[in-house]
Amino acid sequence: MQKGVLLYCFDTSETKYHAILIRCVQLIKSNLQLPITVVTDKETHKHLGSLDSVDYKFIEPEKGNTKNGKQWHNADRHMSYDLSPYETTLVMDIDYFPFTDNLRRFMDTQYDFLVAKDAYDLSGRNSFNLRRYSMIDMVWATVLVFRKTEKAKKIFEMVKYVKAHYPYFNEIYRIYSKNFRNDYAFSIALEQINGFMGYATLPIQLPTLPPDCKVLSISDQGLAWQGDGKIMHTVGQDVHVLNKELADV
Amino acid sequence: MDSKELKRLNELKLQSGLSYDRALAKRNALEKAHSRMIVVYNEHIFRADAHTINLVSTLRDNHDTFFVLDTNQNPVEIKDATKFLEILIDRNQEALSAYHQLAKSLEKRDD
């Protein structure tokens with residue numbers, strides 16, 4: 001297959017990630033109109049029976065990561081090159097809701113690998129500009145686009161190497177995060193593989209809602225949230241939602 | 001502070017909150033417009049903003065083919081400038097039209 005979307009979804013005892021996936025898949029089908037492959041486990045798959053036209057790849061997720069004290073199985077993204085059945089792949093977090101077809105256009109470039117460096121805080125607090133303590137620029141591995149080329153393959157091999165020696169690389173680049181973060185692993189790997197001379201990026205800021213913004217409702221066009229005692233909404237704009245109570249909306 | 005002054009201060013506080021909310025909605029809409037202005041042409045990524053449109057328009061006046069930089073600073077040969085310019089303008093105006101609609105609706109709420 002030429003182009004498609006690769007998603008990762010693993011339920012935990014605290015969060016029904018499959019409920020988030022179902023919403024994400026609906027939006028991909030209506031707005032991106034690309035084939036979808038979901039990397040999941042058998043337990044999560046039991047809840048996904050009603051999803052039409054979606055392919056599955058089963059793996060046993062790597063465990064151990066936590067976020068805000070809750071389990072979080074997100075350490076498998078380095079396998080995307082091997083798991084993707086597509087020539088050009090869009091890898092997305094399932095909590096990135098594509099309310100537009102904006103990401104689709106990035107499937108038609110000559111670039112081997114593209115990732116965004118910036119996030120845009122929809123709550124107006126610029127809360128994502130705090131990642132400058134590290135010695136290298138950070139990327140947001142929330143959205144990745146890659147083609148099956150030798151260069152992309154080497155990038156993923158480097159990510160695997162960085163992951164295997166994660167505490168060491170974190171120390172070198174002054175990244176202090178107890179958890180394994182895809183963002184940091186890809187940031188380090190991209191610098192390493194490109195000889196610290198920069199790399200191609202997506203020229204967008206990922207519109208993001210911080211974890212304390214609670215999503216109140218979601219429609220086909222957009223969503224409403226509450227934060228700082230206010231209710232706001234956005235329509236016709238992709239949104240990365242960091243509050244995982246989203247699964248219950 | 002008497003009750004009249006307290007009431008006036010509450011009104012000012014309310015107005016400040018409303019102004020903030022509208023400014024934030026407008027800022028988010030502008031960001032949405034910026035995202036929408038990205039186009040892919042000839043396998044390269046461009047921003048359909050005033051700078052790119054002016055550059056392409058100016059170069060087209062004097063050259064049949066020419067080179068421009070994409071968003072990753074890579075050179076791209078433009079062989080059909082008229083088509084490229086049309087794509088840039090269409091996307092730019094689509095994005096700004098949506099932004100204009102929202103800005104208008106926010107202005108009405110200020111009335």
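In what sense do S1(B) and S2(B) pair, and over how many bridges? Hold that thought for a moment, everyone.

First, some housekeeping. What you see is a predicted model, where local features need pLDDT of at least 70, side-chain atom pairs count only at pLDDT 80 or more, and totals for chains, interfaces and linings use all residues. Residues are numbered from 1 along each chain as its sequence is written, while chains are lettered from A and ligands numbered from 1 in the order in which they are written. The model scores ipTM 0.90 and pTM 0.92. For chain B the average pLDDT (the predictor's confidence in each residue, from 0 to 100) is 93, with 97% of the residues at 70 or above.

Now back to chain B. S1(B) and S2(B) pair in the antiparallel sense over 4 bridges. By pairing I mean that DSSP finds at least two bridges between the strands; helices (H or I, at least four residues) and strands (E, at least two) are DSSP runs, numbered from the N terminus. B:Ile38 has B:Arg47 in S2(B) as its bridge partner. The hairpin leaves 2 residues between the strands, and B:Asn42 takes a positive phi near 55° there.

Next, the place where the chains meet. Chain B brings 17 residues to the contact and chain A brings 19, contact being C-beta atoms, placed from the backbone, within 7 Å. On the chain B side, helix H1 (3-36), strand S1 (38-41) and strand S2 (44-47) each supply at least two residues. H1(B) gives the most, with 8 residues.

Over to chain A. Its open sheet has 9 strands with mixed pairing, in the order S3-S2-S1-S6-S9-S8-S10-S14-S7. Why is one side of S3 (54-58) and of S7 (96-97) in chain A left without a neighbour in the sheet? Both stand at the edges, each with a single partner strand, so there is no neighbour on that side. For S7(A), 2 bridges make an antiparallel link to strand S14 (residues 239-241) of chain A. There, A:Phe97 stands opposite A:Val239.

Finally, A:Lys16, which you can find in the loop between S1 and H1 of chain A. Leaving out residues up to four places away in sequence, A:Lys16 touches A:Asp11 and A:Ala247. A:Glu245, 229 residues away in sequence, sits 9.1 Å from A:Lys16, C-alpha to C-alpha.

Technical notes:
Two residues are in contact if their C-beta atoms, placed from the backbone, lie within 7 Å.
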